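Here are my notes on this one, written as numbered points. Have the structure open while you read, and click on each residue as it comes up.

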Amino acid sequence: SNLPFPLTNAQVRAIDEIGTDLVRPTPMHRLLQGDVGSGKTLVAVASMLAAVDGGHQAALMAPTEVLAEQHHAGIRRLLDGLSVPDEGSLLGERPLKVELLTNRVPTADRKRILSELLLGQTDLIIGTHALIQDSVMFSSLGVVVIDEQHRFGVEQRAALRAKTATDALPDVLV
């Protein structure tokens with residue numbers, strides 16, 4: 001309802017199919033393909049929000065810092081004003097938290113982001129290969145989105161998928 005435009009039939013169909021995959025007991029591993037400007041990022045954001053709605057976190061890994069920064073800025077704008085349940089808050093909710101993690105992030109900010117990821121206080125994180133460094137660990141990673149998956153190796157994609165403190169494997173959208 002916050003979108004300034006209606007979803008296309010193809011976007012609705014992709015979101016519905018992914019939603020069906022997300023509730024299955026086996027982890028999703030789905031390829032989303034489309035032309036530039038076809039709304040792949042919007043479908044990916046809907047997938048990440050489904051994870052957050054289920055009490056998990058989501059990560060989007062992009063191959064370059066510039067692309068990660070662009071995704072971060074656009075997704076933050078898109079999700080501005082959304083809240084998530086938070087029993088520890090007086091109002092029972094808090095703003096949805098979207099962070100950026102690249103090698104350009106200053107050390108103090110990096111430490112805060114890593115701590116908040118592990119504590120489950122960050123909902124969505126967008127980054128580069130920095131997301132697969134040893135120091136990165138999620139409280140409960142539910143959905144992993146790999147942008148331009150052909151620019152990452154199999155081991156790099158698997159490394160991000162293994163970054164959760166739970167035993168469950170996250171769903172993957174490439």
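**Notes on the model**

1. Let's begin with Asp 86, which is partly exposed, with a relative accessible area of 25%. (Buried means under 20% relative accessible area, exposed means over 50%, and partly exposed is in between, using a 1.4 Å probe and protein chains only.) Asp 86 makes a salt bridge with Arg 94, and their closest N and O atoms are 3.9 Å apart. A salt bridge here is a side-chain nitrogen of Lys or Arg within 4 Å of a carboxyl oxygen of Asp or Glu.

2. Before you go further: this is a predicted model, where local features need pLDDT of at least 70 and side-chain atom pairs count only at pLDDT 80 or more, while totals for chains, interfaces and linings use all residues. Residues are numbered from 1 along each chain as its sequence is written, and side-chain values use heavy atoms, with hydrogens and water left out.

3. Which other residue forms a salt bridge with Arg 94? That would be Asp 123, with the closest N and O atoms 2.8 Å apart. This pair links distant parts of the chain: Arg 94 sits in strand 4 (residues 93-95), and Asp 123 in the loop between helix 4 (107-119) and strand 6 (124-127), 29 residues apart. Helices (H or I, at least four residues) and strands (E, at least two) are DSSP runs, numbered from the N terminus. Asp 123 counts as buried, at 5% relative accessibility.

4. Now look along helix 4. Arg 112 and Glu 116 form a salt bridge there, their closest N and O atoms being 3.1 Å apart. They are four residues apart in the helix, so about one helical turn separates them. Arg 112 is partly exposed at 33%, whereas Glu 116 is buried at 11%. Elsewhere, salt bridges with shared partners join Glu 17, Asp 21, Arg 24 and Arg 30 into one network.

5. On to the inside. The largest nonpolar core has 27 residues, and Met 48, Ile 75 and Leu 124 have the most contacts inside it. (A nonpolar core is a set of buried Ala, Val, Leu, Ile, Met, Phe, Trp, Tyr and Cys residues joined through side-chain atoms within 4.5 Å.) Helix 2 gives the most to this core, with six residues. Apart from it lies another core, of 18 residues, including Leu 101 and Val 144.

6. Leaving out residues up to four places away in sequence, Leu 124 touches several others, among them Met 48, Ile 75 and Leu 96. Contact means heavy atoms within 4.5 Å.

7. Where is the largest pocket lined from? Helix 2 (40-53), helix 3 (65-79) and strand 7 (141-146) each supply at least two lining residues, and helix 2 gives the most, with three. The lining has 22 residues, and Lys 40, Thr 41, His 71, Asp 147 and Glu 148 lie nearest the pocket's centre. (On a 1 Å grid over the protein atoms alone, a pocket is an open set of points where a 1.4 Å probe fits, with protein on both sides within 12 Å along at least five of seven lines; lining residues have an atom within 4 Å of a point.)

8. Finally, Gly 55 lies in the loop between helix 2 and strand 2. Gly 55 is exposed, at 57% relative accessible area.
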